[in-house]
Amino acid sequence: MRIVIERLRQHSSRIIAILALALAAIAVASILGGTRGSYEVKAQFDDVRGLIPGGAVRAAAVPVGTVKRVELVGDRPVVTMEIDDDYVLREGATADIQLFSNAGAVNRTIELTIGDPTKPRLRAGTVLRGPQTDQPVNFDDAAETLDAPTRANIKAFLVGLDRSLKGRGRDIDRTLRRSAPALNETANLLAQVNSDGQAVRTLVREGSRVTSALAASPADLGAAADRTATLLSVTAGRQAELRRSTQLLGPSLARGRTALASLATATPRLRTLVQGLEPVAEEIEPFAKALPPALEAAGPFLVETRRLVRQAPGNLRDFRPIIRSASRVAPPLAPLIDEILPLGNALRAYIPETVGFFQNLGSTLGTYDANGHVLTLGVGLFPTPPGSTGKRLGPGDCGPGSLEKPYTRLPGTLACQPWADAASTNVGVERGR
């Protein structure tokens, strides 16, 4: 025992140094571990089916947090996310629910964007809503738009199109060949107009300023014109008198006082005229400076216009076969157009929903993992997910719930802006039908 104590005394400095290093490492590890934390940010969505607490929150496909809870606030689901401190969200940040996998019913994640790096940091507890959040259109909602009448209209459209174009290949080919020169000249003309646009805009802008200056005081402009006319009339009268005075010096000397008096009367009017024209002269100066480059820039445009005018008769004659072909093609298109109108009206009203469906369908099919490329149909095969209120929804109601028959929604309902009178704006359909 005494030998051990002696040896410890001999190496006591080394032992103390090793213990100090170990304590320092433990302190550094505890400090570094304690500095990493998280903060909460909330997001309000229209539909959160497939999203559960514990789900991943990602940014550029990299995990930056988790879903802490999903709750219903009012009539909208609100998701609370726990974000790592080292991922800072700023004003303009967005949250988008996406499919993490193509298999399963609870396979949604939240994808974040950081926002504007120049804007302030979001405070803890901030709620993202409205245009700052988005969610995919579910497959069953999108599939409802392709109902039996819509599919019948599409079929009628394709059949009518095939009937109208059958045997017209040569006519279409001849039309395309003969329309090429006219289309090329039109493109050249538009290119010239586009290249000379700045000079034309300057000319129009300066001309507008001059016109505005003249129109600002129409009474002064009219008075100046009247005085100018009076001055010219008096000057003309004096010229005749001077001519007569040359012939008759004696009588003209007698009339000299009258001429001087008339000149004295005209002088104040001339001064007033000059003063009235001073604003006009100031506005004309920038216009006069901009006019030469504008006229120079308009040269190529006028050359192309002259060329187009010379070639226009020949190009129009080339359109005769097109017109004759169109006269044969147009009559069969009339019933086809009548069949297409309902489909066109439906697509016009549901354009945002249709575009969103195809975008999210592409996103769904584009995700690849160990399960491969599989289109998720589980959403329509499983009951209403937790978090829904279970209420029945009409065509114009938004939020979670179950749709009533006939299981359709008005245009814009997904954004809580239902278009109730969309049918009254249909093309080719009487209002109220």
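**Burial and surface.** I began with burial. Of the protein's 433 residues, 22% count as buried. The model I am reading is a predicted one. Next I looked up the surface. The protein exposes about 28300 Å². Carbon and sulfur atoms supply 62% of that area.

**Secondary structure.** I then looked up the helices and strands. The protein has 11 helices and 10 strands. I also checked how far apart in sequence the contacting residues are. I took the contacts with a separation of 6 or more, and 70% of them join residues 24 or more positions apart.

**The core.** Which residues touch the most other members of the largest nonpolar core? I found Met-81, Ile-110 and Leu-112. This core has 22 residues. I asked next which strands supply at least two residues each. They are strand 1 (38-44), strand 2 (56-59), strand 3 (62-73), strand 4 (76-84), strand 5 (94-99) and strand 6 (108-113).

**Ile-110.** I left aside its neighbours within four places in sequence. Among its remaining contacts are Phe-45, Leu-51 and Ala-56. Ile-110 also meets Val-57, Arg-58, Val-67 and Val-79. Met-81 is on the list too, along with Ala-95, Asp-96 and Ile-97.

**Strand 6.** Is strand 6 mostly covered or mostly open? I found it mostly covered, with five of its six residues buried. Then I looked up its partners. Strand 5 pairs with strand 6 in the antiparallel sense, over six bridges. Here Ala-95 stands opposite Leu-112 of strand 6. Strand 2 pairs with strand 6 in the parallel sense, over two bridges. Arg-58 stands opposite Glu-111 of strand 6.

I turned to backbone angles. Most residues other than glycine have a negative phi. Ala-60 has a positive phi of about 55°, although it is not a glycine. Ala-61 is not a glycine either, and its phi is positive at about 70°. Where do they sit? Ala-60 lies in the loop between strand 2 and strand 3. Ala-61 has its place in the loop between strand 2 and strand 3 as well. Why does Ala-60 count as exposed? Its relative accessibility is 67%, and exposed means over 50%.

**Glu-304.** I wanted to know where this residue lies. Glu-304 is in helix 8, which covers residues 249-318. Is Glu-304 buried or exposed? Its relative accessible area is 11%, so I noted Glu-304 as buried. The cut-off for buried is under 20%. What does Glu-304 touch, not counting residues up to four places away in sequence? I listed Glu-185, Asn-188, Leu-189 and Gln-192.

**The disulfide.** How many disulfides are there? The count comes to one. Cys-398 and Cys-416 form it, with their sulfur atoms 2.2 Å apart. The pair links distant parts of the chain, 18 residues apart. Cys-398 is in the loop between strand 9 (392-393) and strand 10 (402-403). Cys-416 is in the segment after strand 10. I checked the handedness next. The torsion about the S-S bond of Cys-398 and Cys-416 is about 105°, so I wrote the disulfide down as right-handed. Last, I looked up the cover on one partner. Cys-416 counts as partly exposed, at 24% relative accessibility.

Notes: Residues numbered from 1 in each chain as written. Predicted model: local features only at pLDDT ≥ 70, side-chain atom pairs only at ≥ 80, totals over all residues. Heavy atoms only, no water. Core = buried A, V, L, I, M, F, W, Y, C linked by side-chain atoms within 4.5 Å. Buried < 20%, exposed > 50% of the residue type's maximum accessible area, 1.4 Å probe, protein only. Helix = DSSP H or I, 4+ residues; strand = E, 2+ residues; numbered from the N terminus. Contact = heavy atoms within 4.5 Å. Areas by Shrake-Rupley, 256 points an atom, 1.4 Å probe, with all protein chains shown as cover. Pairing = 2+ DSSP bridges. Disulfide = S-S within 2.5 Å.
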